[in-house]
Amino acid sequence: MTLPPSLRPGDTIAIVCPAGYMPRERAQTCIDTLQQWGYAVKIGPTLGGTSENYFSGNDDERLADLQAALDDQDVRAILCGRGGYGLSRIIDRIDFTRFRQSTKWIIGYSDVTVLHSHIEANFNIATLHAPMAAAFADDGAKGPYVQSLRQALVGDKTAYNCPSHPFNRVGQAIAPLTGGNLALLTHLAGSSSAVRTEGKILFLEDVGEYLYNIDRMLRQLKRSGQLDRLAGLLLGSFSELKDTTRPFGATVEEIILDCIKEYGYPVAFGFPVGHDGANVALKTSVLYELKVTTGQTFLSEEDY
Amino acid sequence: MNRKNFLSLLGIGAVESAFATNPVHPPFTARKETPSPILLIPPYLRPGDTIGITCPAGNITLKEIQPAIQQIEGWGFHIKIGDTVGKKDFTFGGTDAERLTDFQQMLDDPAVNAILCARGGYGAVHIVDGLNFSSLLQHPKWIIGFSDITVLLCHIHTNLHITSIHSKMCNSFPDDWSKAEPVQVASILSIRQALTGEKMQYTVPPQQYNRTGSAEGQLVGGNLKTIESLAGTVSDIDTSGKILFVEDTGEYLYSIDRMFWHLQRTGKLDRLAGLIIGGFKVKPDDPGDEFGRTLYDIVTDRVKPYSYPVCFNFPVGHQLENYALKYGVPHTLIVHPDQVSLAEK
């Protein structure tokens with residue numbers, strides 16, 4: 001596993017939008033905050049820009065902007081402005097040669113799961129599953145989630161705890177962390193960007209899905225051998241869930257537990273990761289200790 | 001497609017000869033199918049044979065399947081009603097155990113010659129790994145359905161090489177046959193034609209974005225979202241050398257785009273013999289999130305690197321016009337500037 005270098009004051013963070021469109025002003029608090037933290041900010045042409053459709057630019061433009069940030073030796077971290085949809089369309093055209101020679105932090109979640117997963121599966125380089133530009137606005141920059149990103153960037157070991165949940169399964173594991181958005185992880189199944197979860201702590205989150213589809217996606221993970229040999233499972237928020245006219249008849253917790261009932265690894269619900277505000281910075285591919293006790297859940301980065 | 005056109009062409013023999021003096025352009029050489037395991041084609045049904053009705057996914061009442069029962073009995077078949085008809089576990093047609101048991105006994109009952117899934121919905125993936133297919137292998141029988149039943153069609157194609165029927169199910173039979181739309185009637189009658197061994201042949205009008213050419217290969221596919229949900233699992237399909245058909249309903253354009261990228265990134269588009277795009281009921285973009293591309297743009301972009309024939313708006317999917325297709329059976333697809341034909345070899 002390769003851990004990109006921590007950031008030092010004066011280092012440069014690039015902001016690019018490899019997926020959906022984001023107006024520049026929506027990222028202004030983020031830009032200001034990163035500068036207040038002592039970093040230089042380089043704005044890629046895909047933030048704001050002239051796009052008039054869903055994407056922040058056409059595939060070539062989004063690829064070129066991300067590629068430039070990956071290749072730019074001055075850029076020490078790449079913060080994705082927002083997710084949405086779009087990385088699947090360019091992932092196979094990204095040239096990771098210089099990134100692999102000179103690693104840097106890639107920051108984001110949701111659609112950026114494609115990037116995290118691809119980099120983990122192919123290069124085993126750590127990335128940051130963390131808040132993006134919009135999370136800085138409305139005092140978010142002072143909140144614990146954006147602050148956790150700041151700490152991760154300077155090289156602090158990340159460590160989190162959250163209250164226990166009635167459906168948790170107690171236990172302990174020390175293993176590399178992997179995961180992200182459930183819909184994207186299933187979308188990547190069978191492709192060159194799919195991670196192998198065996199022996200790892202898997203975290204999952206999703207937003208706006210039908211309950212039956214959550215069930216179907218978990219079955220896919222299970223049937224593709226991605227749930228049976230986990231070291232542990234962390235469930236973030238599953239927000240804005242929808243149900244069919246005829247109710248599915250199980251909660252998301254029940255759906256998940258039913259899928260993994262035959263396995264013995266620790267499971268924790270309610271972990272602060274996802275689209276529901278609570279979203280701590282997590283380093284993928286990095287070794288973490290997970291402790292699920294009757295009182296609390298702890299996740300802390302191990303020494304390497 | 002034009003209804004009258006379709007009805008008038010139903011049953012007409014091979015149309016290839018009509019193209020003999022008008023070669024398709026650009027020239028397309030159909031890729032030869034890679035040697036595949038021996039295909040098992042279940043015996044076609046004769047009058048007096050029995051069709052079992054079961055619910056591997058969503059629930060349905062006995063009353064709701066009466067139109068199907070009456071129609072199918074009118075065709076001269078007996079009906080065996082499975083225990084899951086009328087069962088209800090929220091959206092499911094009974095618990096996983098009940099649906100598994102019912103489907104299993106339909107597979108194992110030598111008196112059942114075909115299994116008609118009552119409806120789709122969601123749930124086949126819950127039982128597919130629990131099914132024992134040894135009796136089906138010994139005595140192949142037609143499995144009939146679409147949508148969520150794509151799980152079973154794909155699984156059986158990949159693992160057992162037994163052909164099946166992709167078609168409407170019990171919930172699509174009209175209550176009042178006399179008032180039904182002609183295309184709905186034709187779609188349902190096509191199930192009978194497929195089951196009784198007629199060579200299936202469909203001719204539909206051309207579409208602006210079609211890519212001409214001809215192809216031969218096994219016909220596979222189904223519901224696009226369901227195909228994606230099988231990726232990486234033992235039920236996943238290998239599409240190389242085959243004619244792939246896909247349909248879907250209720251998906252956003254961005255999601256359809258993502259699923260076509262998924263097909264491409266999992267190697268399901270590059271070695272096709274041909275591609276058939278069925279019905280796509282697109283969910284409108286949310287305001288401010290306009291995707292800016294049509295289904296045609298999405299598909300055309302993805303198949304640009306390849307040269308096989310592609311046709312749009314084929315009458316398969318979540319719509320009244322949804323003809324029976326023999327899944328896994330070799331077909332010839334001819335996409336001609338004047339018309340499209342799909343014919344069983």
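Two residues are in contact if their C-beta atoms, placed from the backbone, lie within 7 Å. The legends below describe a predicted model, in which local features need pLDDT of at least 70 and side-chain atom pairs count only at pLDDT 80 or more, while totals for chains, interfaces and linings use all residues. Residues are numbered from 1 along each chain as its sequence is written, and chains are lettered from A and ligands numbered from 1 in the order in which they are written.

**Figure 1. The fold of chain A.** Of the contacts in chain A with a separation of 6 or more, 82% join residues 24 or more positions apart. Chain A contains eight helices and 13 strands; helices (H or I, at least four residues) and strands (E, at least two) are DSSP runs, numbered from the N terminus. The C-alpha trace of chain A spans about 50 × 45 × 35 Å along its principal axes. The radius of gyration of chain A, 18 Å, agrees with the value near 19 Å that a compact globule of 304 residues would have. This radius is taken over C-alpha atoms, and the globule rule is 2.2 Å times the number of residues to the power 0.38. Buried residues account for 55% of the 304 residues in chain A; a residue is buried if 20 or more other C-beta atoms, placed from the backbone, lie within 10 Å of its own.

**Figure 2. The two domains of chain A.** Domain 1 of chain A covers 12-153 and domain 2 covers 159-301, with bounds that come from an automatic or database domain assignment. The centres of the two domains, taken over C-alpha atoms, are separated by 24 Å. Where the domains meet, 25 residues of domain 1 are in contact with 20 residues of domain 2. On the domain 1 side, α4 (113-123), β5 (127-129) and α5 (144-153) of chain A give two or more residues each. The largest share of that side, seven residues, belongs to α4(A). By class, the domain 1 side has 13 nonpolar, ten polar and two charged residues. Here Ala, Val, Leu, Ile, Met, Phe, Trp, Tyr, Cys and Pro count as nonpolar, Asp, Glu, Lys and Arg as charged, and the others, Gly among them, as polar.

**Figure 3. The nonpolar core.** The largest nonpolar core has 190 residues, and A:I78, A:I107 and B:I276 have the most contacts inside it. Such a core is a set of buried Ala, Val, Leu, Ile, Met, Phe, Trp, Tyr and Cys residues joined through C-beta atoms within 7 Å. Helix α9(B) supplies the largest share of this core, seven residues. Leaving aside residues up to four places away in sequence, A:I107 touches A:A77, A:I78, A:L79, A:C80, A:L128, A:A130 and A:L149.

**Figure 4. The interface between chains A and B.** In this view, 23 residues of chain B are in contact with 23 residues of chain A. On the chain B side, α8 (224-229) and α9 (253-265) each supply at least two residues. The largest share of this side, five residues, comes from α9(B). The chain B side comprises eight nonpolar, seven polar and eight charged residues.

**Figure 5. Helix α10 of chain B.** Helix α10 of chain B runs through residues 295-303, and B:I298, B:V299 and B:V303 are buried in it. These residues lie on the same side of α10(B), because they cover an arc of only 110° around the axis. The arc is that of the directions from the helix axis to the C-beta atoms. The elements covering the buried residues of α10(B) include α9, β9 (274-283) and β10 (310-311) of chain B.

Note on methods:
A residue is buried if 20 or more other C-beta atoms lie within 10 Å of its own, exposed if 12 or fewer, and partly exposed in between; C-beta atoms are placed from the backbone.
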